[in-house]
Amino acid sequence: MKVSRRDLLVWSAGAAAGLMVTPVPWRVLDDVSIWSQNWPWIPQPARGPVDVKQSACTLCPKGCGLRVRVAGGFLVGVAGVASHPVTRGALCPLAFGAHQLNWHPQRLRTVLHRRSVSTWNAAQMAFTKACSEGPVVVIDGYPGRAASQVLESFAKNRRGEYRVVLSAETRALAPYERWTGVPAALLGYDVENAGTIVSFGAPLLDGWGAPGHFTRLWADRAAGMNDPQLRLIQVEPTLSRTASRAWQWVPVRNGSEAVLAAGIAGVLLEEHLVSARGPKPTLSLTAAGEQTGLGIDAIRGLARTIVARPPVVAIANDDSPEVAALNVVLGAVGARGGIVRRSRENKSYLAADTPISSARAVVIDSSVPWDFAPKTDAEVFRFAAWDGGSGSADWLLPAPGFLEEATDVPAAPELAVQSFALAPALTKAQHEVRSAALFLSGIDSALPTAEEIIHARCQQIFQSRVGMLCSREQTPVSRFAASQKLEEQLWAGAVWVGEPVGPPNLRCELKEWPTPSTSTRGEGWSSSWTAPVLPPLASKLVEESGLRQRAEGRLA
Amino acid sequence: MRRSLLVFGLGVMVAMLAGWVVFPRALYMRKPQPLEFRHKTHAEKSGLADCNECHALRDDGTFAGLPAMEKCAGCHAERIGETKAEATLVNNYIKQGHETPWQVYAQQPPNVWFSHSIHLKRAGLKCEDCHANYGASDQVKVYEVNRISGYSRDIWGHSISRLHRAPHDGMKMSDCEDCHRQHNADVGCLGCHK
Amino acid sequence: MSSITFSDSRWIARGAERASFPRFISWLVPWVIILAVGVYAAGLCLYYGLNQTNMDNRFAFGLWIFLDLGIIALGAGAFFTGFLVYILKRAELKPILNTAVVVGLICYSGAVAILMIDVGQPLRAWFTFWHPNTHSMLTEVTFCISCYLLVLCLEYIPLLLRNRQLRRLPSFLVFEHQLHKLVPVLAAVGTLLSFFHQGSLGGLYGVLRGRPFAYRHGFLIWPSTFFLFILSAIATGPSFLMLVTATVEKVTGKRLVADKVFRRLGLISGVLLAVYVAAKSIDTLIWINITSPSVGFAPWEYYMHKPFGLPILFAEIVLFGLLPAFLLAYRRTASHRGVLLSAAALACCGVLLNRFVLTVQTLALPTLSFDEFLQYTPSWQEVASFGGVIAYGVIVYSLSYRYLPLFSAQPEGGGKDVSGH
Amino acid sequence: MSARYGMVIDLDRCTGCGSCMVACAAENNVPALPQATTRTGLTPMLVRRVSNERDGAERREVFIPILCMHCERETPCVSVCPQQAVEVDKATGIVMQMPQRCLGCRYCMTACAYHARYFNWRDPAWPAGMEKSLNPAVAVRMRGVVEKCNFCHGRLHAAKEKAAAASKREIDPADYVPACVEACPTGAIRFGNLADTGDPVSHEARSPYAFRLLARLGTEPKVYYKSKEAWVRQLAESVSGRETEASREMKHV
């Protein structure tokens, strides 16, 4: 029998009708939508247990306490440690995305020589050669660590120089070093006891010092109060984050902060608003009122407001002799609530931005801000976990990334007391990395290892019997039976906090008012700490919200 | 007219055959398990009758699922018995320190959050209530994966129509919902979704 | 079959004279190209996702939703004419019934197609039928539109089967006659469905408590926009039919429909439009004086952002409302074909403007006091797929016109008997 | 028994650092896509900078974190969703967004007065290897669906599981703290149970300085704000409710 076209039509009609009462169309519909819920190209987090561990942030020299979630040997989340005596659970916005930094596309994965792939051996040979030819300069961005000591002793052994890139907070304390003889790195601000803080452009609420240290203090004592216990007066040309939240904002003409400091000091002395005898500023009040654009009365008023609630301290954004002199006039140097000495020891550093002469090799630790480039014809060996792009180093050497190496954490630059914490490594690098310290001890076997130094520090703290060990509960060091126990607790996330250095704390000699300073940051690199890269999630703060702007390695 | 009816019916027949017989076979792909494993033997001979012996809850309440290699290595560090599976286990996995790449029958997709502790401790369910008496089985059953959705066949259940299913057959969301409804334990979408 | 390549006369109704096949093709070509581009653009959106559009988190709805609302409003002529002819027994409107069906089919199928591109996960769109949220206006819309699309297809089939070749198959003829008995029922069902989804399309915005510009109090469960949309749709539907027919007449250079039909349509359109304008005005007053203030928004807020000033409101109510209503209804003006048609055009613009305001201005306006007023320009993909739908409409209509007896009133070969009456 | 979780955000304490935004994104596996802009980005927690529109020393600014307000009454996004992808959880009062159910029609986004809902305009992606840093507690969403703040449901799950493991019925409030709350360096964001009058947060919500954005819409949002500055409290109102240059001139018209 012959099949007609009509039969075919009818047959397929039947087939279609029949198919409707089979699972085919319905299962396909269902499974396809399930497929769309589990697209294979959408990455999904791994299954398995999640551990919570404590460590400290090593991205910048503030050393905030971290509570880190770890799954399968990888970091999957970062949070603050509420019991941390300094940061009290706070972190900077970047830290919350830091666990993704180790996977950053700009992660430095191989040794680069003049931007072409090389090996560790080649780097080592090149470095030994350079060392044999002349002195070496080692530059550190995070002084006071065990690793720093390794770097320093290497330089000493080679009759080279150990130099330090100081944080903006520390540089702002430099004038007092000149006048008191106490190294800036050992000075701090006793903000806990201040009644009024006059900030000359210092971003007190926006990354100044350890996050959460001052901001939390401000929030508890100043935020939203009509008559706060802590008066924050922000002197700044533009309405910065800090200015917008301050108790009072003083909009001065750009660059006239120093002039205002002089003006205020003048009024204070003239009206005998201060007991302390200080040097008289050369600048006349009228001139100050003019140059700041505030007018005489405003400055007089400001001076009176400032002293209305002592103790008063002025905080500069960077090395500013005038602001420092104002503090001298205010009697804030060495006084409660002012600029205090953090430790009795005496250790000063050679600033990194003094020109380098006659060195054959320059080693730059990974803690040094990326945009710092020494002017030298020596061969530069730059350690870095992330490749910040530009930068004139001959050698780029991959250093451990975020929480990839154990280290110790000295006090944050602005603190009034010493502190010490340990940051255990919580994950492994996926490629061969070496810190500068490890690299150098590979060359000079006589060097002490960082582990030994950390061990010694713990011994030292234990023997001093000074201060508290702060974890969930606080234990006086004197309570500890063995240094072993103390060290264990430190590795588990506890933080040691020292005691304030009793009076006589500082003695300051200043005869006449400092000559007007020109801009102190001339070296062409930014004053505040800069990372080579930002965590990808920083885009939430910048591109996706417009809350902030990107400024190489920093948030403006 | 009768002829067209016949042809029409033929069409229906063919479709039925394809839909109910061919399709279910075509939809799933069989994947072999890496090893021959006998729950029964472990339960009877090795005194691991209690599921928790191997499929334990962690301290934070999360469920460990299949035991990790060291658990197996506890007994199988060296070969016990002469089976081929024993050899593969010891040589390919324990000695190498690799986890056994089991195919998990009851594996739910990444967007599902299922808490064994809540169902065991709060709801007082037994393992068998959902996993049937698999613990007493004498060999590993074939693992079948849905070619389109990538789910294990146990999620939909073995009856393709889901009309008269054996108890414990199927772990679809609707199955969870039914049980939750019966025990009026409404938890909302994000009660079970990540 | 092969003969088609030379001439398709076998497929054209006997006696009806149509442009030569090449000429017809050359007419289609540009539209086919536009359609092709549209399909490509739509493909991009489906493959790469909606980042191909210029919509964003604030402008979550864009050109496409406006298109949907617009063409569905204009397509209302379909169900409304059916309603008039079969339910209200207005036989004189029969001539344009087929056109109405085709136009309706085009509008609704186009709208559904665009919706499928517009949703982020088309593969899961059927969830609405499986887990419907009965409180959502969108559920109502989805159900009604898809059902009504089905109805339209059923209404279209008998028309299709009246093609000269297809009629050769006896069983088809039988089928067609059976179906034809159904048509009145279909019309009734269609009317019901359409009333609801036209309404719920309005409700879509009226229920937006979070968007005081669109939010309206209502009767029963429906906000006032529900009823306003029905009114405006049935008021402009006939006008749009007029425009379409007139355009076809222009293109083909044939008189297809008697003037009295036009005038009748105009009258209906005009009267309804008048009613709509009245209702709209009352609604606006209530909204300005009660609804909006009650949620803390002073009405002037909505009009302080250019280009969405008060002129728009004026245009909506007077220029595109009152004026055409008068021109369409008043016998003196309506008797001028030119005036009648331009009035119809105005009416259609009016309904489009109304849909535009509701979709775009609603989203452009700030709600939080520190929000900014936003603007958005569609990407080429959006515009292209928009154009694609238009082209699709033209093509389908052209084919239908060429091969199917659309205007049964035409003195064309077998026109009468084909209609089955 | 049934909680009503909510927040009180003290705007006087907020310094606009943005920690909450990053912590939120990290907790919920929100991708950071290079193509994302302020209009197409995913910021379930979004800090906005608002000024009092004055100049010179008069000028004040405030930072307002915007997240899903978890409206309690006639929740706009819930009623509009055609396929029940959004619901108000009976037990917690959390407005839940279910991406796997969502078909991406974006109707809920047009319904939200706070623009607190975000659409996945493209597939999420991370630089090679970075997917290993994703939070196991939250599933990654796919392109074409809407997402928003769920009050960190991953953390609620963990808290429930912990309670169950200890055979407790109720979770320990200390175990359930959303990421943004935990991250805030000044403690400006407080989270708690508004239904429990003993809870400090429900107490703060009743403070004379507390207010809610667009409260007059009548949707009973469960996110409260707090400020001692009058002009900040005025921001809660619509433009017309607030004294601004624009409003003043418009009123003359």
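Axes here are lines fitted to C-alpha atoms, for helices over the stretch in contact, and the angles between them run from 0 to 180 degrees between N-to-C directions. This is a predicted model, in which local features need pLDDT of at least 70, side-chain atom pairs count only at pLDDT 80 or more, and totals for chains, interfaces and linings use all residues. Residues are numbered from 1 along each chain as its sequence is written, while chains are lettered from A and ligands numbered from 1 in the order in which they are written.

## Two helix pairs in chain C

Helices (H or I, at least four residues) and strands (E, at least two) are DSSP runs, numbered from the N terminus. In chain C, the axes of helix 3 (residues 63-74) and helix 13 (residues 337-364) come within 9 Å and cross at roughly 150°. Helix 3 of chain C is therefore roughly antiparallel to helix 13 of chain C, a word used for angles over 145 degrees, whereas those under 35 count as roughly parallel, 65 to 115 as roughly perpendicular and the rest as oblique. Helix 3 of chain C passes helix 13 of chain C in a right-handed crossing; a crossing is right-handed if the near helix is turned clockwise from the far one by less than a right angle, and left-handed if anticlockwise.

Two residues are in contact if their C-beta atoms, placed from the backbone, lie within 7 Å. Among the residues of helix 3 of chain C that meet helix 13 of chain C are C:I65, C:F66 and C:L69, and the partners in helix 13 include C:C348, C:V351 and C:R355. By class, this contact of helix 3 with helix 13 of chain C has ten nonpolar, two polar and one charged residues, where Ala, Val, Leu, Ile, Met, Phe, Trp, Tyr, Cys and Pro count as nonpolar, Asp, Glu, Lys and Arg as charged, and the others, Gly among them, as polar.

The axes of helix 4 (residues 76-87) and helix 5 (residues 97-118) of chain C come within 7 Å and cross at roughly 150°, so these two helices are also roughly antiparallel to each other. Helix 4 of chain C passes helix 5 of chain C in a left-handed crossing. The residues of this contact between helix 4 and helix 5 of chain C divide into seven nonpolar, four polar and no charged.

## Chains A and D

A residue is buried if 20 or more other C-beta atoms lie within 10 Å of its own, exposed if 12 or fewer, and partly exposed in between, with C-beta atoms placed from the backbone.

| Chain | Helices and strands | Buried residues | Span along principal axes |
|---|---|---|---|
| Chain D | eight helices, ten strands | 63% of 253 residues | about 60 × 45 × 35 Å |

## Where chain D is touched

The contact between chain A and chain D takes 52 residues from chain A and 51 residues from chain D. The largest share of the side of chain A that touches chain D, five residues, comes from strand 3 of chain A. By class, that side of chain A has 29 nonpolar, 14 polar and nine charged residues.

Chain B also meets chain D, in a contact that takes 18 residues from chain B and 20 residues from chain D. Helix 5 of chain B gives the most to the side of chain B that touches chain D, with four residues.
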